[in-house]
Amino acid sequence: MHTPLAARIALGRMPTLREPRLVGDSGDWVLWLEQRPQERGRTTALIRRWGAGATAVQELTPAPINLRSRVHDYGGGVLAQATDGQELMLAWIDDRDGCVWFQTWQGLDQSEANPLLAHGPARRLSRPGAPLADGQLDPFRRRWLGVMEDDGRDWLVSLQLDQEDQTPERLHQPADFAGYIALSPRGDRLAWVEWQQPNMPWDNSQLWGADLDSEGRIITPMALAGSEGRTGGEISVFQPLWLPDGRLVVAEDGSGWWNLLRSTGGTTLASLQWERPWPMEAETAMPQWVYGMRTSAWDGKQLLAAVCREGCWQLNRLSEQGTIQTLDQPFDDLAGLHAQGERAVAIASNSTTGQGLLEIDLSDGHWHHHPAAEPALSAECISVAEPLWFEGSQGRRTHAWYYPPSAGSAERPPLLVKSHSGPTAMARRGLSLGIQYWTSRGWGVVDVNYGGSTGFGRAYRERLNGGWGLVDVEDCAAAAHALIAAGRAHPDQIAIEGGSAGGFTTLACLCFTDTFRVGACRYAVSDLTAMATDTHRFEARYADRLVGTWPQERERYEARSPLLHAERIHCPVIFFQGDQDKVVPPEQTERMATALRANGLPVEVHSFPNEGHGFRDSHVQIRVLEATERFFRTHLGLNEG
């Protein structure tokens, strides 16, 4: 198959895997979520026995069930499970009504590869109302624990598993935001994360904990660690994890890196102390955009952690004595780590292998990778990411991934610069069919970890504080100029693209530099003043740290908003926008396109009535890719490949 066509078709069929976990005392079953672009982005829960092939996969939530949560609009944490002997208990949030549903299956103890048997139909536990997410089952009290977003704040709530159409019981009222709930092994304590505006959870957050009484009521909640805890300072915490003996583990960045803390001493929560047994200049966490993320796990005997060093992930075994052992496996893009019974599972990929479920037997180190889909490209057709370090904004050492063309013989090929979203996110090294589409068409691609990106420590992340629209712009332009200087890109054939915050960086690059000749934006922020006054609750004060306090720093917002300086853009731009987007309302894109058309520039706008912030439908994904390439080739004067 012609390589660009293969990459395009596979992109539209490639499912996205999320939130894997092992089920059963020995981890005999693998349970995970699969988002299917060919079903307009519907997400479903799948299960199979450990080590079994794709033919043994059982779908637990068939269509039209769609697992999706809407808390903070980005959602996550839609699935909760527990086991009782041979019974699997599963609760999920169905996007059709926003309610929590519950069902059980029998057969976890079977030795044959037979499907689990549903024990009665699914039952709806909650009634339609405020959005719910971040669920966990409390088997001691047969209830669902989770987060509800209502009345402009988050609540910790519960639902009984034996009742239908309930109003969630409110257990705790955080000061503002909360989530990442963890129930202790004996069910007598609860831990969670809280943060308050104007902070984002990766800037300033706290680990909270409380004892539970016999009825499950929260007793004397208190901050245990983080920015308001006893560790002091401005600190972010991530993913509390209980050990079997009742100790707590949590990632926090008081050292400048997201490392793991472990509680020590004290028989009460109020008397807990903390130690840092595994210090490293590496990250054991990621920005908490959605619920359900996991980078550490306990397998029954030992602690495991996914660790990011200079943009690459590895899996480490952490001993009680503080030693760190790297597990031998070939994947450097990891997420969703979970362990049980000396087994581990994670979502894994690398530069030549697409996303799949990585299963590791920790007793002997053997692993197996189950791809989410059949390989679309042969190894010789894949452009492998190369680390690119260059002098970025203010002369600071800055990172990117560079993908050389895998087709074409141009000495100085056209270059596509990618600005990732967030902006607190990172360009990862796992196989991207979208990037391979471009390299197979003769393009070089550079995916920039501009200042503000995660994976390189807190100081790197804080480069963007007060500098959004400056630092990211200078870094993206500098990456392009580094490749031009090295003879790896044609100076007159430089394109840039990005979505959401990356779309803002794209527009700002077109507005405030002369490096780029054409741009593509997906649901792009174009007006920082609108972001400060007309976005959703989760990001309502995000720009305070990235740009400046609103409205006191209004002039800074206006000076950096591409919409207010559209006359400075002198090249063609193509836009893609979902009509259901609540993060970047469609009128922002419409206003930006109108302003550029008034300047006589070639502009295209593609709107999708059933899409929101991020495109889920396979047909939409393919249309965006094809329209972008066609637009770039037309306006850069490139021949069709």
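Trainee: With which side chain does the side chain of Ser453 make a polar contact?

Mentor: This is a predicted model, so the distances come from modelled coordinates. A polar contact here needs N or O atoms within 3.5 Å. The side chain of Ser453 meets that of His420 at 2.7 Å. A polar atom of the Ser453 side chain also lies 2.7 Å from the backbone oxygen of Tyr450.

Trainee: Is Ser453 buried or exposed?

Mentor: Buried means under 20% relative accessible area. Ser453 is buried, at 0%, and sits in the loop between strand S33 (444-449) and helix H3 (458-461). Leaving out residues up to four places away in sequence, Ser453 touches His420, Pro423, Ala425, Tyr460 and Arg461.

Trainee: How should I read a nonpolar core, and which residues touch the most other members of the largest one?

Mentor: In soluble globular proteins, nonpolar side chains tend to be buried together. The largest nonpolar core has 143 residues, and Trp144, Val417 and Val446 touch the most other members. Helix H4 (residues 471-485) gives the most to this core, with 8 residues. Apart from this core lies another of 26 residues, among them Ala385, Tyr403, Trp438 and Phe608. As for Val446, its contacts beyond four places in sequence include Leu388, Trp401, Val417 and Leu483.

Trainee: Why is S12 described as largely enclosed by the rest of the structure?

Mentor: Because 6 of the 8 residues of S12 (residues 153-160) are buried.

Trainee: How far apart are the end C-alpha atoms of helix H10, and how do I judge the value?

Mentor: The 19 residues of H10 (residues 618-636) should span 27 Å, and the end C-alpha atoms are 27 Å apart, so the two agree. At the start of H10, a side-chain oxygen of Asp617 comes within 2.8 Å of the backbone nitrogen of His619. Just after H10, Gly637 has a positive phi of about 70°.

Notes. Residues are numbered from 1 along each chain as its sequence is written. This is a predicted model: local features need pLDDT of at least 70, side-chain atom pairs count only at pLDDT 80 or more; totals for chains, interfaces and linings use all residues. Side-chain values use heavy atoms; hydrogens and water are left out. Helices (H or I, at least four residues) and strands (E, at least two) are DSSP runs, numbered from the N terminus. The expected span of a helix is 1.5 Å times one less than its number of residues. A polar contact is a pair of N or O atoms within 3.5 Å; within protein, one must be able to donate a hydrogen and the other to accept it, and residues adjacent in sequence count only if both atoms are side-chain atoms. Buried means under 20% relative accessible area, exposed over 50%, partly exposed in between (1.4 Å probe, protein chains only). Contact means heavy atoms within 4.5 Å. A nonpolar core is a set of buried Ala, Val, Leu, Ile, Met, Phe, Trp, Tyr and Cys residues joined through side-chain atoms within 4.5 Å.
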